[in-house]
Amino acid sequence: MICFVLAAWLTMGICNCVVLGYRITPFSFIDVTMISDVFSMMDIYFNDFQQILIFSGLIILVILIVIAFITIPRMKGKLHFVKASVVVLISFVVVYVMTILSVKTTLIADKFTNLGTAYKNYGFAYCFANSVVDVGISKPDGYSESMMNNFFDDTYHLDDQNIRAMKPDIIILQLESFIDIGRVSGINTDIESIPNFKAFEEEYPSGWLTVPAIGAGTANTEFEIITGMKSKVFGAGEYPYKTVLTDTPCESMAQVLKRRYNYGTHAIHNNKARFYSRNESYASLGFDTFTSLEYMTDVNYTQTGWAKDDCLPDQIIKALDSDEQQDFVLCISVQGHGRYPKDQLKCDEHVKVTLDSGDPELTNQFGYFVNQCYEMDEMIKELKIRLDEREKPYVLVMYGDHIPALTFEENQFTEGSDNQTEYVIVNNIGLEMEDRDIYTYEMSDYLMRGLGMKRGIMQRLHEAYFSPADGGDEKFKDIAADMQYDMLYGEGYIFNRIQPYKATDIKLGLDDIILESVEYNEATGNLVVHGENFTPFSRVLIDDTRYDTTYVDTETIMVVPETEAIQIEEGATVEVAQIDKDKHELTRSNSIIYEDNREEE
């Protein structure tokens, strides 16, 4: 048991060390719950030899513990279970009481505003253990129905303004790790790395965006943008997408726009649907459709394995054109994601990057990152052209989700800080909004108020209580936490005053995967399947058995046997399923019964 406990803590400590090598946020319990996502990205972060070493090390560790259990001499004589139990109980009580006293006297904290700083101040063991038990939002002091009613009454009148709401298509585009590298001293480029974004900043409302994470935490930036809620009132390192939002409807811009203005609501992400449980949490947030990587075609990839963002303009325009109503589109990009390769540049060099330090590994890493930002910047130029060509009113909000997971020296940022990115609100409706530095959880109120729209309760709380001058006062922070608790964990008293939100019956992919016919090619032994809207992630099922499938085009896929011909009996049920990289099934097409049309000899 001693060896087992020692091995467990040692393994977690090593995991923390490795994680900090690839991102700035330390290893916490929420990462354990995302283990399936970790396995899907192993090829990006570790080569084959490293993966073999990792799994071999874990296997050897288990074997050693088993051998120790078998071979270590057992204790002889009487076992004092009562005394031992008393010692364990006293030890637990002492540790528990001392921890509570330390928190009460502020010697240590149990709520971490910055996870990385907390790990440095209080150590890995305490912070990781805290992340295990600290989940969700604690019940507020004095929580009651009257408390929620008072908050509602203080904000209700804010939606009674006689302002004619502008109702353009609204596109939120979150750009992975996107920043202006010109903000960072010691890093030089031969040309401007994001010329289009910077030109947009000169023409349209823009400013600094203070985000809740550094080097990682994409989902929490996204969560704050569309809900107006603060992610840091949840547990240490928690992602609400992975916890409460998997089964609890939540107020969001999508929910409010759908309810108040009958908007269509669409989410797009050129990564797998199950990452951060988006396939479940997006339903709770009110999205009608979710187009993930598994439902996209013509996708290009970086040399490190991430989907490039040049596919996103097509997907956004397709979502906007999918119905006759105004649309709210949330699009999450992935191209700028790490790991950033050290050994060579591994990308097309549009921008020449040099470092004052001359460090060759860092030069390769920054060179790769900057060139991904350049290509993402070209994508947003194309997107604006496509939106303008539609000649329909639109607002396009673009911002980086956090700084990249790269090594930055203290005070290396000459403009802004390491928890700030840039945002810009491109539009064709003459939107008059002041340039302003904001927090991510301010964005929904800032935007909807600028459009003269009726808002949700969280947005109205911002107008009633938030003080931008000092980054929000304690009263606002407490009230926001109280409201989030009531909506997501409490009795839902606020829903006695407003209509409760409902999860949508979300549809994965805009277009149905349709199966039309199946042909057996006797000459080759191949099975040819015809239909509509196939993608490289489409797999043929015969009587629920999956077969390796070759993608030909959106209307044709094939089962090509490596050795023996496919054996399919007349009357077999054939379907097509969308299968992600981790072999999870997402959706299925209609089914057809196979009819053997081959002529008998």
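**Salt bridges, sheets and a helix**

Student: Is Arg449 buried, exposed or partly exposed?
Tutor: Relative accessible area decides this: buried means under 20%, exposed over 50%, and partly exposed lies in between, with a 1.4 Å probe and protein chains only. For Arg449 the value is 38%, so the residue is partly exposed.

Student: What kind of model is this?
Tutor: Residues are numbered from 1 along each chain as its sequence is written, and side-chain values use heavy atoms, leaving out hydrogens and water. Local features need pLDDT of at least 70, side-chain atom pairs count only at pLDDT 80 or more, and totals for chains, interfaces and linings use all residues, as the model is predicted.

Student: Which residue meets Arg449 in a salt bridge at 2.5 Å?
Tutor: A salt bridge needs a side-chain nitrogen of Lys or Arg within 4 Å of a carboxyl oxygen of Asp or Glu. Helices are DSSP runs of H or I with at least four residues, strands are runs of E with at least two, and both are numbered from the N terminus. At 2.5 Å, N to O, Arg449 meets Asp445.

Student: Which other residue forms a salt bridge with Asp445?
Tutor: Asp445 counts as buried, at 5% relative accessibility. Its partner lies ten residues away, in the loop between H16 and helix H17 (457-465). The closest N and O atoms are 2.7 Å apart, and the partner is Arg455.

Student: Which residue joins Asp445, Arg449 and Arg455 in a network of salt bridges?
Tutor: Asp445 and Arg455 are both buried. The network links Asp445, Arg449 and Arg455 with Glu463.

Student: How many residues lie between the positions of Asp582 and Lys272 in the chain, counted as "residues apart"?
Tutor: Their side chains meet in a salt bridge (2.5 Å, N to O). Lys272 is buried, with a relative accessible area of 5%. Asp582 lies in the loop between strand S18 (573-579) and strand S19 (585-588), and Lys272 in the loop between S4 and helix H13 (278-284): they are 310 residues apart.

Student: Which side chain of opposite charge is nearest to Glu201?
Tutor: Lys and Arg count as positive and Asp and Glu as negative; His and the chain ends are not counted. Glu201 is found in helix H10. Glu201 is buried yet has no salt bridge; the nearest such side chain, 4.5 Å away, is Lys198.

Student: Within what arc do the buried residues of H10 fall?
Tutor: In H10, Asn196, Phe197, Phe200 and Glu201 are buried. They line one face, because their arc, taken from the directions from the helix axis to the C-beta atoms, spans 145° seen down the axis of H10.

Student: Which residues of H10 are exposed on the other side?
Tutor: The buried residues of H10 pack against S3, H15, S8 and S9, where contact means heavy atoms within 4.5 Å. On the other side, the exposed residues are Glu202 and Glu203.

Student: What angle does H10 make with S9?
Tutor: Nine strands form an open, mixed sheet in the order S10-S3-S9-S8-S1-S6-S4-S5-S11, and two strands pair if DSSP finds at least two bridges between them. Strand S10 (438-439) and strand S11 (507-508) each have a single partner strand, so one side of each is left without a neighbour in the sheet. H10 packs on this sheet, touching S3, S8 and S9. With axes as lines fitted to C-alpha atoms, for helices over the stretch in contact, and angles from 0 to 180 degrees between N-to-C directions, H10 makes with S9 about 70°.

Student: Which residue of S13 stands opposite Ser517?
Tutor: Strand S12 (residues 514-521) pairs with S13 in the antiparallel sense over seven bridges. The two form a hairpin with four residues between them, and Gly525 in the turn has a positive phi of about 80°. Five of the seven residues of S13 are buried, so this strand is largely enclosed by the rest of the structure. Opposite Ser517 stands His530.

Student: Which residue of S17 stands opposite Val528?
Tutor: S12-S13-S17-S16 is the order of an open antiparallel sheet of four strands. Four bridges join S13 to strand S17 (residues 556-559). Opposite Val528 stands Met558.
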